Amino acid sequence: MRLDPQAGEVIDRAAALSLRWNGRAYPAHGGDTIVSALAASGERVFSRSFKYHRPRGVLTAAFTDPGCIVQVGDEPNVRAAHRLVEEGMQVRSQDTWPSLRFDVKAANELVGRFLPAGFYYKTFIAPQRLWPSYERVLRRFSHGGVVSPHPPQERLGAYDSRHAHPDVLVAGGGPAGMAAAVAAAETGASVMLVEEEHALGGHLRWGDKADLAALAELRQRVDAASVEVLTDAVVVGRYDHNEVAVVQRGLAHVHERLIKARPKTLVVAPGLLERPYVFAGNDAPGVMLSTAVRRLINLYAVKPGQRAVVLSANPQGDAAVCDLERAGVDVVHVEDARRGGDVVRAIGRSGLRAVELPGGRRFDCDLLVTAVGWTNPASLLTMAGDVPAYDPRAARYFPDVSRLSGDVLPAGGVVGDGTVDELTAHAGAVGREAARRAGFGTTAVRVPKLPVDSHPELFHGRTHGIVDFCEDVSSKDLLTAVAEGYSVPELAKRYTTATMGPTQGKLETVNVVAILAEATGRTIAQTGTTTWRPPYAPVTLGALAGRHREPVRYSPMQPWHAAHGAVPLVAGAWVRPDHYGDPAAEVGAVRERVGIIDVTPIGKLDLRGPDVPSLLNLVYVNRWSKLAVGRVRYGVMCAEDGVVFDDGVTARLGDEHYLMTTTSSGAAAVWEWVESWLQTEHPSWRVHVTPVTTSYASINVAGPRARELVARVVDDVELDPETFGYMQVRTGRVAGVAGCVLWRIGFTGELSYELHVPAGYGLHVWERLLGAGGDLGVRAVGIEAQRILRLEKGHLIVGQDTDGLTGGFSAGLDGLIRLDKLDFVGRSELLWQSQDGGHPRLVRLVLRNDTVVPDEGCQLVGRGGEVCGRVTSSRWSPTLRCGICLGQVAARLATPGTEVTVRLPDGRSEPAVVAENLAAVDPEGVRLRG
Amino acid sequence: MILLPCPWCGHRDAGEFRYVGEGTRRPDPETATRQQWRDYLYLRANVAGWTTERWYHRMGCRRYLSLRRNTLTNEVAIGDGP
């Protein structure tokens, strides 16, 4: 029932909304949470519990409420006591069948003896072969909502991320957090104040007139100070060097935003959480904490029940009695726990009907309010080094400030009690000290000590009840765990799963420890506690994944590719044309006429300086000292373990000027590699490295008519084979563009020129080549055709025909590697590889049935059926009209003419013979020298 | 993510760097035995405490740097190379 307007209410009575709960329409006001709206209409049950499917209602009426987790539309696990109502919201209960009111799985409770502590560990161990069936059954019992298969952007708005560098970050926007933030901001420090609720104020929001007045004043001071306030946001973790993760929710068009903040100082002021009490029936709908009823009445003007019994051990509990009476609830009895009062059991399953107190007293009621103590949510402090210590006088844990990292300071209820004035004075001093440690001020601020109120130790009564409301773990389960030897909190936690549910120990940890302490005859301090780890609050995977940002690279010729039907191929960071519809015809064009290939992604490093030859001699396995100006050479790089790392050609453009190319995927790694040798091993060498991969657009013009075509577009380069021979380089103008580099190389096996033109003119030159060569039959050629051409020529691809174990001599590089060179990277291992022999080798395989193209990765087997290698590259060759493939084979089978068997994926075997040469087309290399 | 003090760029998030590894010395390839060479390639002390390690500031100045780091506490100090 909705009450008359309350002084501190947050609902907007002028805004009438409606939502649907399990199909039925309910009214709501602006500012209502899902639970406050439903409770105002008299609903009491919002979920079924995890194991026994017991009906559950409001317990804390806050984000942590374990009984108020629902499905909203296709968003699962929404905290219904926190999420604000939006018009037309579709809300359903989770994991209930056929309905919330009548849930079949509630029968679990009748077979409760089958679900004791450690049930899964005990029951599903043997026989192991049955685990798949167990898993299928257990999955049906998993708790939680239904995940949508659709990307979240479509329904929720994007996930997002942000970096922030405030001087001071204050976690918690209650009175202490607000005072600390204001005090820090007044020193000139930039301050970020993060509050989990929808508004600043903490417990003052549901307090009395004096509290509300204090809150209004604090809010004014926050508004006046330059503080960045984030509400509906929570600090989920504190990591090394004060990296602080904040999840911000409920923004317009952004569902959740992960803020990675790096404050100089972190002030931790989360306040205190009220602790549930353990007794029989303590999870019945209608049993609530005092803060829950105060929130329902004062924030949402909701009458939480008709007849109430209150168990109070503190002034906040007494204040709840006043609130209840003011709301017109009939408080039939107040049981004072400070004078030995207690609750024996709550009666009623789908809703509280009566309460039994000691001495056989019994009261009919529909609301039982408990106020038995407070828990320090020590999470963030623990992440900063704190080991909280239990104080029996106050019945709660306190931080050990001396263990905290110097850039983390606690304030508010986690360190002590006191009036609002005392708390804000203390927090103000903490805020100033936090700012000083961030560099604002010089003299250390004296932080006053907060008083600590004494509080009776109340954890559980004389009957057994639920300890962990999320995981349905009872105090009886904990005793079972102790009896079976799991008496240490960390073990009992894992054995019973207590503290491992969505509230992550915030409500239940201290009760768990207290029950274990009692069962083992130790004190709470001796028993210790479990470790609080990040995240402090549950984080969605969407928030962690953030917005999908993966930049891709296109060559300057991409508009032409796109307009001419190029099929895209994602190759590392690049998107390249795989083919233009007919790769076989593209191969034919290169073999018979002329083709142009966009090879822009090839890595390019501009090397300058007198010591470039030393660098090349060091990083390549072959010799480089005598490379003349105007010449190009192919080289292979091996790592220090002798494994093939990258390959490419390098040209000498001038006396002290070289252009190195690398594989497309290796461009970044080779640059780092070269820099590593220059910076760490040879800092005295004078070499300057500039990456120019994207400064040039690169076009390979290949085919018997390549010279004719290139001649039509170059202005000042002599192409005559006598002057510009194979493996030479020239610079000049191409299609009117100055500063182009042309080299005559031939990985396709045909006469070819590779043109590197300033990137801005890439498309221009590409189109000029196609325009100028119409009568020559010029054709654009994609990556697939390039791979076929290379394979026909027997050129290995690093990473395809080699892997992480392929030493240089296993890659068919015997002729290239110069072990007589004094030193180069990988020389020692290559020397030993050549001395030892016995290494696998890269060979070409000719299948007897040459119409078969074995899949890449097919195994090669020897006579005895043993695996002796694999196919590394294979394609149908349009030139030879047969399958061609390369493979790695064991040394003893690498001799040309040796027979091996290729085992196909379908189990068939194909006999094959090791060929003489790696190249299947033009092994003598006549064509490319033409 | 820890902060690393780059001598050129100041304190930067470790995500900007590539962790190269514990500082090692390349043995003289002319005289190194196989054992010495493979120790250089594969053996690391993996100290629980202060260690010297190399990082590459790939998203910053692109310099390789040596740092001293306490692997237990992630305290970091600018230190000499190995």
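Predicted model: local features only at pLDDT ≥ 70, side-chain atom pairs only at ≥ 80, totals over all residues.
Local features are described here only where pLDDT is at least 70, and side-chain atom pairs count only at pLDDT 80 or more, while totals for chains, interfaces and linings use all residues. Residues are numbered from 1 along each chain as its sequence is written, chains are lettered from A and ligands are numbered from 1 in the order in which they are written.

**View 1. Chain A as a whole.** The secondary structure of chain A consists of 23 helices and 48 strands, where helices (H or I, at least four residues) and strands (E, at least two) are DSSP runs numbered from the N terminus.

**View 2. The crossing of helices H5 and H10 in chain A.** The axes of helix H5 (residues 175–186) of chain A and helix H10 (residues 420–437) of chain A come within 7 Å and cross at roughly 40°; such axes are lines fitted to C-alpha atoms, for helices over the stretch in contact, and the angles run from 0 to 180 degrees between N-to-C directions. H5(A) and H10(A) are therefore oblique to each other, given that angles under 35 degrees count as roughly parallel, over 145 as roughly antiparallel, 65 to 115 as roughly perpendicular and the rest as oblique. The crossing of H5(A) and H10(A) is right-handed, a term used if the near helix is turned clockwise from the far one by less than a right angle. Among the residues that meet here are Ala176(A), Ala180(A) and Ala183(A) in H5(A), and Leu423(A), Ala427(A) and Arg432(A) in H10(A); residues are in contact if their C-beta atoms, placed from the backbone, lie within 7 Å. By class, this contact of H5(A) with H10(A) has 14 nonpolar, three polar and one charged residues, with Ala, Val, Leu, Ile, Met, Phe, Trp, Tyr, Cys and Pro counted as nonpolar, Asp, Glu, Lys and Arg as charged, and the others, Gly among them, as polar.

View 3. Strand E12 (residues 233–239) of chain A runs antiparallel to strand E13 (residues 243–251) of chain A, and six bridges join them; two strands pair if DSSP finds at least two bridges between them. Gly237(A) has Ala245(A) in E13(A) as its bridge partner. Three residues lie between E12(A) and E13(A) in their hairpin, and His241(A) in the turn has a positive phi of about 55°. E13(A) is also joined to strand E14 (residues 254–261) of chain A, by seven bridges and in the antiparallel sense, with Val244(A) bridged to Ala261(A) in E14(A). The hairpin of E13(A) and E14(A) has two residues between the strands, and His253(A) takes a positive phi near 70° there.

**View 4. A three-stranded sheet in chain A.** Strands E20-E21-E22 of chain A form, in that order, an open sheet with antiparallel pairing. Its edge strands are E20 (345–347) and E22 (362–364) of chain A, each of which pairs on one side only, and the twist averages 15° from one strand to the next.

**View 5. Two backbone details in loops of chain A.** Most residues other than glycine have a negative phi, and most peptide bonds are trans. A cis peptide bond, with omega of about 0°, joins Pro534(A) and Pro535(A), and Pro535(A) is placed in the loop between helix H14 (524–527) and helix H15 (541–545) of chain A. His53(A), although not a glycine, has a positive phi of about 55° and lies in the loop between strand E3 (47–48) and strand E4 (55–56) of chain A.

**View 6. Chain B and its contact with chain A.** From the N terminus on, the elements of chain B run β-β-β-α-β-β-β. Four of its strands form an open antiparallel sheet in the order E3-E4-E5-E6. Where the two chains touch, 15 residues of chain B are in contact with 16 residues of chain A, and helix H1 (residues 34–42) of chain B gives the largest share of the chain B side, three residues.
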